[in-house]
Structure formats: structure tokens, C-alpha cells
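Here is a short briefing to read with the structure open beside you. Take it topic by topic and look up each residue as you go.

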Amino acid sequence: NANTDDGSCEYAQEYYTCDGDCINDLDGDGVCDELEIAGCTDPDAINYNPEATDDDGSCNYLITQDVSMNSFMLNSVSFNVLPENLSTEYLLSDVPVLIMSDDDGNFYAPSFGVDQIGELGVVGYKCFLSGADDYTLTVEGLPVDQTTGLTIEAFKLNMLPYLPQYEMSSDDVFGDYYDDILLVSNDMGQFNVPSFGVYQITTMSPGEAYSVFLNGANDVDFSYPGMGMARGTDMSYYDGLYEASLSENYDVTQTGIYHPIVITSISGMVESGDEIVAYANGEVVGATKVVDPNGVTLISASGGYNQYGLELPGYMEGDEIELRLYRQSTGEELYVTSNLEGSYYGMTPLTSGGITVHEVTAVPEDYVLSQNYPNPFNPSTQIEYSVPESGYVTVAIYDVAGRLVQTLVDGVVESGYHSIVWDGRDSAGHTVSAGLYIYSLKGDHVAITRKMVMMK
């Protein structure tokens, strides 16, 4: 009954004014239409809007992710969800972590009171458990956008997190980036080395992290393909090659630290099924079956670790690479000489080159002093010798009168095959005169001599 509007109108329902006039007659037919309110209409979503009538695709859901870790190895792990609390102290409070690290050299070692990580992020981590049991960490949070931009840095072994919520083939993930990538590896010792046509990692999975090293001097901006953008590459051929290359004769400890050795060519008698074996300090650290003697063979050598109370078996950075060939038909190891780009574990991202297999046992059965070559010689010659066990050895040069001219070796020598060059000089550094000389090998209860000729 009011004849003056004082601004106090209240709406009985959202479609009408207080005087009963329809305010939402969208089509002009005199009938009030229902208002559409955009928002999330799914009650299971964390941002559900009970008043929304039009789902705008904005629904967000909490995702539960299980991250599995094995005992007695450095696991490569990552998280594709963002929990409400990202602190290491909160998320890892029940996890038996001995040590955890990222690729920037930050560590989390709770038993030592070390927490340089602080909060877990969209990066990859190396994690070693403190107990003897495997462990699965369950994390709940909002999913990370799998197309989030990531930077792969040059001159660095990057720990790349896996962001998609589903498995993808490695070709779908890295296919557009392979020109920039030297290698990709996982914590089980599998490698993709595109320049050599090696693809052992065929499927990539949530919870894992992958080590990536670039082959250039520039950083690379990387992102995973979005939903429906994968090519669906069939990698079963490479799965078969990898399975066929697994060693049947050596049990190598999986440590989560690996050095790839790519054998590009093999000279000598080698058959499919023979195995190339990698040694460090007399211990086996890797073995791979030769699938195609004329193709490329990759050996994944397991590395050791000694920090924060953690000791893992394997090569240590700087150890010399020694290769042998296991002959399947005879069950013996043969001596191998290598022409590798890099002779030491861990000093470069990978080692590659050719090898030659010799028809002699890998470890000599006797002391042997070979004939020098060239002979006659001028100005230098090479002397090869072998010792069956580690011990004190001397290799020396004498003139025909029995006078000592030069001592080439005088000390403890490891068992195996050895080579040394004499430059034709005496112990004072003077070039010797032309003539006949005697060279000798002396070891434990053994003395062997041979003759050689210096020519002008």
C-alpha cells in the first residue's frame, strides 16, 4: 500500500521484484525465466557452489597420490599434487627418511637435524629410507597443472618431476626435446640416449622423477603435453631390446646412482648372449648382455655413496673403468682393452667408445713378459707384461754388460695386464746408444728377461 518507495524492497525470490514484476523475462514472453548462475555444480568438488545452476568447468578435486620407495637404494621421486601444508616436517613426519636431496644440493636428513629443503615443491628428489622395509607415502592435495613450465638447466644433472596423473611413453614426453637432450635416466639404471639410439625408458609414471642432462650450453624450457596431446607412441620394440639385454650371470646391486657406458663398436670374437662386465676396484658394478655385436650396447654401472651415515656399494667417482667380456659358451671372462672417451666413473655424464676383446683370460694365470714393439725401435718402444696377483714388481732395462740403464716399474702392481713405454733414455735422462739391451720382469719368485735392439 506504500505510495512512496523508501528503498526497503526485499525479494521473495530472486526472479521477482517486491511489486511482483518479473525481472528475468529473457525471451519477452511475459514468463519469468530461471536465472543461471555459473560455478561448480559437483558436490564432490572442494569448490562446490550449491547455488550454481551452470557448471563452468571450474571444479577442483583433491587427488591422492601414492609415492613408492624401495629400501637400500636412492629413490628418484616427485609429487604431482600440492598438499595444503608443504613443509618437510609435516609431510615426511611418518616417513623413515635417512636422507633426501634435490638437484640444487639441498638436503633433508632429520636424524642429523638437517633441513635445507624446508618445503616440498614441483621438483624431483633423491630419497633413501632408514629402514629395511619399502615404504609408500600417501599425499593428498590439488593436482599440479601438468603443463606447468619447467626449466632444464645446462651443465647440470636435473631431477625432473613427473607431473601428469597418468602414465605416458617417454617419446610422447621427450620427443620434441630429444635434439637438446644428451640422456634421461631413472632410479633403476635405465637410460635413454637419443644420439646413440638407446631407449630403455619406455613408460614414465606418476611418483617418479627422472634425471636429465642436456647436450648443449643453453637451458631448455620444458613442459609436459596436455590431455589428449600425446602421440600414443608404441615403445614395445625397445622394451624387448631392454629385456633381452638383462644380465643372467651377474647380480649387481641397484643403488639409484648410475654411470652409463655406451659401447659403440666391438672388435674380436663376440656372440649374441655374451656379456660386457664393468668392474671398479676389482668388484662388479655393471653387466649387460650383448644383443647385437654390430650394434650399440649400454652398460649401466652402479655407483656407491658414503655420506650422512649412508654407505652403498659400487664405484666411487674417479674410479677407473675396467671392462671384461663374459663368454657364454665357455663361462670365462676375457681380457678387454678399451678406447673410451673418458676412463673414469662419474667424471662425465656418460662414457662412450669402442672395445677390443682378446682371446686371453681377464685375469692372467702366470707372469708374462711380452716382446717389445716395435723391435728394433727408435726412439721409443712399448713393453707389455702381466701379473696373476697383486704384488711387488720391477721392470728394468740393462745393457749387455748387465749394468742397470733404467728402471721403468718399481712398486706394487695390481693383477692384470699392463703396458709401459721406454723412451730410449737412461736414468740420467740421456738417450742411449744403439745396440742390444736386456729388459726384465721380476715378481714374487719369478724373473723373466727378453732382448731388444735400439737402432739409430
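The notes below go from the whole chain down to single residues.

This is a predicted model, in which local features need pLDDT of at least 70 and side-chain atom pairs count only at pLDDT 80 or more, while totals for chains, interfaces and linings use all residues. Residues are numbered from 1 along each chain as its sequence is written, and side-chain values use heavy atoms, with hydrogens and water left out.

**The whole chain**

- The chain has 3 helices and 35 strands; these are DSSP runs numbered from the N terminus, with helices being H or I of at least four residues and strands E of at least two.
- The C-alpha trace spans about 140 × 45 × 40 Å along its principal axes.
- The radius of gyration of the chain is 34 Å, whereas a compact globule of 456 residues would have one near 23 Å. This radius is taken over C-alpha atoms, and the globule rule is 2.2 Å times the number of residues to the power 0.38.
- Of the 456 residues, 43% are buried. Buried means under 20% relative accessible area, exposed means over 50%, and partly exposed is in between (1.4 Å probe, protein chains only).
- Among contacts between residues at least 6 apart in sequence, 62% join residues at least 24 apart; a contact means heavy atoms within 4.5 Å.

**A hairpin to look at**

- Strand β31 (residues 391-399) pairs with strand β32 (residues 404-413) in the antiparallel sense, over 8 bridges. Two strands count as paired if DSSP finds at least two bridges between them.
- Alanine 396 has threonine 407 in β32 as its bridge partner.
- There are 4 residues between the two strands of this hairpin, and glycine 402 in the turn has a positive phi of about 90 degrees.

**Salt bridges**

- The count comes to 11 salt bridges, where a salt bridge is a side-chain nitrogen of Lys or Arg within 4 Å of a carboxyl oxygen of Asp or Glu.
- Lysine 156 and glutamate 153 meet in one of them, at 3.2 Å from N to O. Lysine 156 is buried at 13% relative accessibility, while glutamate 153 is partly exposed at 32%.
- Both residues belong to a salt-bridge network that also links Asp103 and Asp104.
- Arginine 231 forms a salt bridge with aspartate 176, with the closest N and O atoms 3.4 Å apart. Arginine 231 is in the loop between β19 (220-222) and α3 (236-245), and aspartate 176 is in the loop between α2 (170-174) and β14 (181-185), so the pair ties together parts that are 55 residues apart in sequence.
- In that pair, arginine 231 is partly exposed at 47%, and aspartate 176 is exposed at 66%.
- Arginine 324 bridges to glutamate 322, with the closest N and O atoms 2.9 Å apart. Arginine 324 is buried at 12%, and glutamate 322 is partly exposed at 30%.

**Around strand β35**

- Methionine 454 lies in strand β35 and is buried, at 3% relative accessibility.
- The C-alpha atoms of methionine 454 and leucine 436 are separated by 6.4 Å, though the two residues are 18 apart along the chain.
- Leaving out residues up to four places away in sequence, methionine 454 touches residues including Phe377, Asn378, Thr431 and Tyr437.
- Valine 453 is also in strand β35, which covers residues 446-454, and is partly exposed at 30%.

**Backbone details worth a glance**

- Tyrosine 373 and proline 374 are joined by a cis peptide bond with omega of about -5 degrees. Proline 374 sits in the loop between β29 (368-369) and β30 (381-387).
- The bond from asparagine 375 to proline 376 is cis too, with omega near 0 degrees, and proline 376 is in the loop between β29 and β30.
- Phenylalanine 155 is not a glycine, yet has a positive phi of about 60 degrees. Phenylalanine 155 lies in the loop between β11 (150-152) and β12 (158-161) and is exposed at 63%.
- Histidine 445, again not a glycine, has a positive phi of about 60 degrees. Histidine 445 is found in the loop between β34 (435-443) and β35, exposed at 81%.
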